[in-house]
Amino acid sequence: MSNVTDWYGGSGPVTDDERLAALYDLDARFEDPGIDWYRGLAKMTGGPVLELGVGTGRVAVPIAKDGHEVVGVDRSGAMLKRADSYARRARVSLRLVEADMRSFSLDRTFTLITIPFNTFLMLAPDDRWACLARCREHLTPHGRLAIDVFQPDPNIIAGLDGGVREEWRRPDPETGRVITKFSSTRANVDGVTLHWWFDDVLPDGAVRRIGRETTLHYLYRREAELLFPEAGLELDTLHGDYDGSVAAGSSPKLLFVLRRRERGTGRERRHR
C-alpha cells in the first residue's frame, strides 16, 4: 500500500494518518475563542467561505451551522474524513477537498478565506508566495483573507532548548485507553521545531508510540507588512488577540485581515 501525506506533512501509511487525525481531535480545543472570532468574520462578510487547513472541521462546522456555505481544503485525507463525520453529526454540509494550500485550484471565488491557528506558519517562507497567490485568485473583488499566527516572544524562544515534557494524559473516547502526550521544542529567531509523540498503553501493557516533527516558520509583523503588499494584498485590520485588542509587541497573536490589491494600484511581485 502506498504512503499518504498526514496533516504534519509527513509521509506514512494510511493507518498512521488516521491515528494522527484522531489524536489531533483529542489534543485540540474545540471551545477555542478563535472559533468565535472566525464566526464573527463570516457574519460580517457572508459566504461562501473557504478554509485552508480545515483539519477535522472545528472552525468550519460552527461556521456552517451559522448558515454559511463552507469549503474546506486539507492535505490529509484522514482529517477530511473526520471533518465529514463531524459535519454529518452536526447536520450541516461541507464541501471538502484534498489539496495543498500552495497549489489548490477551485472553480469559484469566496468572500472569506481563512487560514486559522498558525497553519500559515507551516509554510516555508518561499512557499508563502504560492499560497497567497492562490488565495488572491480565489477572493471576490471585495473579499477578505484572514491569517492567524502567534507572535514570537524572544523570552520564550530563549528557553526552548529541546527539553522533553509531558503535556497531558487523557482517556481516548474511541478506544477507552489512556493517551499521554509528550513534546520537545527547539527554537531560534527564524522558527520553532516541534516534536510531538503520543503513547498509547495497550491492554497487554505494551506501549504503542506514534510521533511527528514539524517546523513553524515565524512571521514577524514587519515581515508581514512587506510580504502582503508584494503578494497583491493590503491590510484591512490587524489585532493582537481574539478580543479585538490592538496589536502590540507584547500581543500573543497577529490576526491579519487582508483584501485584494487590484493590479496597477501598487507594487506586486509575481512568484512562480
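How many cavities of 30 Å³ or more does a search of the whole structure find? The search finds one.

## Basis of the model

This is a predicted model, in which local features need pLDDT of at least 70, side-chain atom pairs count only at pLDDT 80 or more, and totals for chains, interfaces and linings use all residues. Residues are numbered from 1 along each chain as its sequence is written, and side-chain values use heavy atoms, with hydrogens and water left out.

## The cavity

The largest cavity has a volume of about 40 Å³. A cavity here is a set of points, on a 1 Å grid over the protein atoms alone, where a 1.4 Å probe fits but cannot get out. Its volume is the space filled by probe spheres set on the points, which are joined across faces, edges and corners.

The lining consists of Arg-19, Leu-23, Ile-179, Phe-198, Asp-199, Asp-200, Arg-208 and Ile-210. Lining residues have an atom within 4 Å of a point. Two or more of them come from each of α1 (14-27), β10 and β11. Strand β10 gives the most, with three residues. By type, the lining divides into four nonpolar, no polar and four charged residues. Nonpolar covers Ala, Val, Leu, Ile, Met, Phe, Trp, Tyr, Cys and Pro; charged covers Asp, Glu, Lys and Arg; the others, Gly among them, are polar.

## The four-stranded sheet

Four strands form an open sheet in the order β8-β9-β10-β11, with antiparallel pairing. The edge strands are β8 (161-171) and β11, each pairing on one side only. Neighbouring strands are turned by 20 degrees against each other on average, direction ignored. Helix α1 packs on this sheet and touches β8, β9, β10 and β11. The direction of α1 makes about 75 degrees with that of β11.

Some terms need their limits. Helices (H or I, at least four residues) and strands (E, at least two) are DSSP runs, numbered from the N terminus. Two strands pair if DSSP finds at least two bridges between them. Contact means heavy atoms within 4.5 Å. Axes are lines fitted to C-alpha atoms, for helices over the stretch in contact, and angles run from 0 to 180 degrees between N-to-C directions.

Strand β10 (residues 191-201) has eight of its 11 residues buried, so it is largely enclosed by the rest of the structure. Buried means under 20% relative accessible area, exposed over 50%, and partly exposed in between (1.4 Å probe, protein chains only).

On one pairing, β9 (residues 178-187) and β10 run antiparallel over nine bridges. Lys-181 has Phe-198 of β10 as its bridge partner. A hairpin of three residues joins β9 to β10.

Strand β11 (residues 207-217) is joined to β10 by 11 bridges, again antiparallel. Trp-197 is bridged to Gly-211 in β11, and Thr-193 to Thr-215. Five residues lie between β10 and β11 in their hairpin. In that turn, Gly-205 has a positive phi of about 90 degrees.

## Elsewhere in the chain

Strand β3 (residues 49-52) points Val-49 and Glu-51 one way and Leu-50 and Leu-52 the other way, and all are buried. Four bridges join β3 to β4 (residues 70-74), and the two run parallel. Val-49 stands opposite Val-70 in β4.

Pro-154 lies in helix α6 (residues 154-159). Pro-154 is exposed, with a relative accessible area of 63%. The C-alpha atoms of Pro-154 and His-217 are separated by 14 Å, and the two residues are 63 residues apart along the chain.

Conventions
1 Å grid on protein atoms, 1.4 Å probe; cavity = no way out; pocket = protein on both sides within 12 Å on 5 of 7 lines; lining within 4 Å.
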